[in-house]
Amino acid sequence: MCYKISNTKGIEMKEKILVFVLFIFLFVGCLPTLGNQQITNNDINKLNKTISIIDRFYLRDIPPLHLKNIKKKYFTKEDINNDIKSVLEKLDKYSVFINTKDKKEILKKIKFKIINEKILYMAIPTFYHNTAKNISHIVIENKNIAKALILDLRNNPGGLVSEAVKTVNLFVDKGDIVSIKQKSMNGTRTYRASSQTTITDIPIVVLINKNTASSAEIVSGALKNLQRATLVGSETFGKRTIQALIYITKDKKEAINLTIARYFFPSKKRINNKIKPDILLFDDSFKKEHIDSQMKYATKYLKSIFKEVY
C-alpha cells in the first residue's frame with residue numbers, strides 16, 4: 001500500500017517536470033515574437049509622423065484626432081498600427097494604411113496592336129512611372145502605319161497625376177488639361193498643354209467603363225473637354241480625389257495612402273461627376289460570343305472617318 005502511494009507521488013512529480021519543461025520551451029519559442037512586438041522610439045515617431053502628415057496634407061479640415069493624446073498606453077506595435085488604421089478609416093475610404101511587405105504590386109505592360117492595317121490599339125492598364133513615355137514610343141514606332149488611335153482605359157484604376165497630364169499632352173497642343181485644389185497650396189494649380197510635347201493629331205477613340213477611375217478619368221475627361229477624342233463605353237467610376245503614397249518608416253515597409261487633392265476640369269466641374277461617354281455602349285464581352293461591342297463600334301467609327309479623309 002505504501003509502495004503505491006510513493007509511486008503515485010513519483011508520477012505526479014514527473015508530470016510537473018514535464019509541464020515545466022514544456023512551459024520553458026514555449027516561452028523561449030515566443031521570445032522572438034515578443035521582442036518584435038515591443039514598442040520602440042521608432043514606433044512612436046511613426047505615430048507622430050502619421051498625425052503630422054494628416055494634419056498638413058489631408059484634403060479637408062478635420063477635428064483633433066485622438067491619436068494626439070500620447071498619454072494613451074500602447075502595449076505592442078500592432079496596437080499602434082491598429083490605431084493608425086482606425087484614424088484613416090474615419091477620413092475617407094481611399095485613405096488607408098499599407099504594409100508594403102503584404103502588398104504585391106504587379107506592373108502590367110501596355111498592350112498594343114494594329115487593327116485593320118490602319119488603327120493603332122493600346123490597352124493602358126495603369127498610369128505609373130514612364131507610362132506617357134511608353135505610349136509615345138509606341139505611337140512613334142507605328143506613325144507610318146497608324147492613321148487613327150484607340151486608347152483602351154477600361155478597368156484602369158488610375159495612378160500618377162503627372163503621367164495622366166503627360167499622356168493628354170501627347171495628343172493636345174493647347175488648352176487647360178486639369179486643375180488641382182490641394183490643402184497645402186494657396187489657390188488652384190492648373191496644368192496646361194504644350195505644343196512642344198504633342199506627337200500626333202490623328203483621330204482618337206477612348207474606351208471607358210465603370211472601372212475607369214482617378215488619373216484615367218483625367219485623361220478621358222480632358223480629351224473629351226478639349227474635343228480631341230470621342231469617348232465610347234459607359235460612365236466612369238467618379239473618383240473625384242487623388243491620393244499620395246507617403247512612407248512613414250525609414251525602411252519604407254509601412255506607408256499611408258492619403259487623400260490630398262481634388263480635381264477640376266477647365267469647365268470647373270468636379271471630377272466626382274462621372275465622365276459620360278459620347279457613345280453609350282455597355283460592355284458585353286462577358287457573353288459566350290465574346291463580342292466586344294465597344295471595340296467593334298470604335299473600329300467602325302474610325303473607319304468611317306477614313307472614308308471622309310481619304
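1. Let me start with helix H5, whose buried residues are Val-161, Glu-163, Ala-164, Val-165, Thr-167, Val-168 and Asn-169. Buried here means under 20% relative accessible area, with exposed over 50% and partly exposed in between (1.4 Å probe, protein chains only). Helices (H or I, at least four residues) and strands (E, at least two) are DSSP runs, numbered from the N terminus. Because 7 of the 9 residues of H5 are buried, the helix is largely enclosed by the rest of the structure. Those buried residues pack against H4, S5, strand S6 (188–192), helix H6 (215–225), S9 and S10.

2. A word on the basis of these remarks: this is a predicted model, in which local features need pLDDT of at least 70 and side-chain atom pairs count only at pLDDT 80 or more, while totals for chains, interfaces and linings use all residues. Residues are numbered from 1 along each chain as its sequence is written, and side-chain values use heavy atoms, with hydrogens and water left out.

3. Now the nonpolar cores, meaning sets of buried Ala, Val, Leu, Ile, Met, Phe, Trp, Tyr and Cys residues joined through side-chain atoms within 4.5 Å. The largest has 56 residues, and Met-122, Leu-151, Phe-171, Val-206, Leu-223 and Leu-258 have the most contacts inside it. A second, separate core of 14 residues includes Val-205, Leu-207, Leu-302 and Ile-305.

4. Leu-258 deserves a look on your screen. Setting aside neighbours within four places in sequence, its contacts (heavy atoms within 4.5 Å) include Ile-53, Ile-54, Phe-57, Tyr-58, Leu-88 and Leu-91. Ser-95 and Gln-243 are also among the residues that Leu-258 touches.

5. The largest pocket has a volume of about 1100 Å³. Of the 33 residues that line this pocket, Thr-126, Tyr-128, Gly-158, Gly-159 and Leu-160 are the closest to its centre. Two or more lining residues come from each of helix H4 (131–141), helix H5 (161–169), strand S5 (176–182), strand S9 (241–247) and strand S10 (254–264). S9 gives the largest share, 4 residues. On a 1 Å grid over the protein atoms alone, a pocket is an open set of points where a 1.4 Å probe fits, with protein on both sides within 12 Å along at least five of seven lines; lining residues have an atom within 4 Å of a point. The volume is the space filled by probe spheres set on the points, which are joined across faces, edges and corners.

6. By class, the lining of the largest pocket has 17 nonpolar, 11 polar and 5 charged residues. Here Ala, Val, Leu, Ile, Met, Phe, Trp, Tyr, Cys and Pro count as nonpolar, Asp, Glu, Lys and Arg as charged, and the others, Gly among them, as polar. The lining of the second largest pocket divides into 1 nonpolar, 7 polar and 9 charged. That pocket holds about 550 Å³ of space, and the largest share of its lining, 5 residues, comes from H2.

7. Finally, helix H7 (residues 293–309) is the place of Gln-294, which counts as buried at 0% relative accessibility. Rings of Phe, Tyr and Trp (its six-membered ring) pair if their centres lie within 6.5 Å; planes under 30 degrees apart count as stacked, over 60 as edge-to-face and the rest as tilted. The count comes to 1 aromatic pair. The rings of Tyr-297 and Tyr-301 have centres 6.4 Å apart and planes at 15 degrees, so the pair is stacked.
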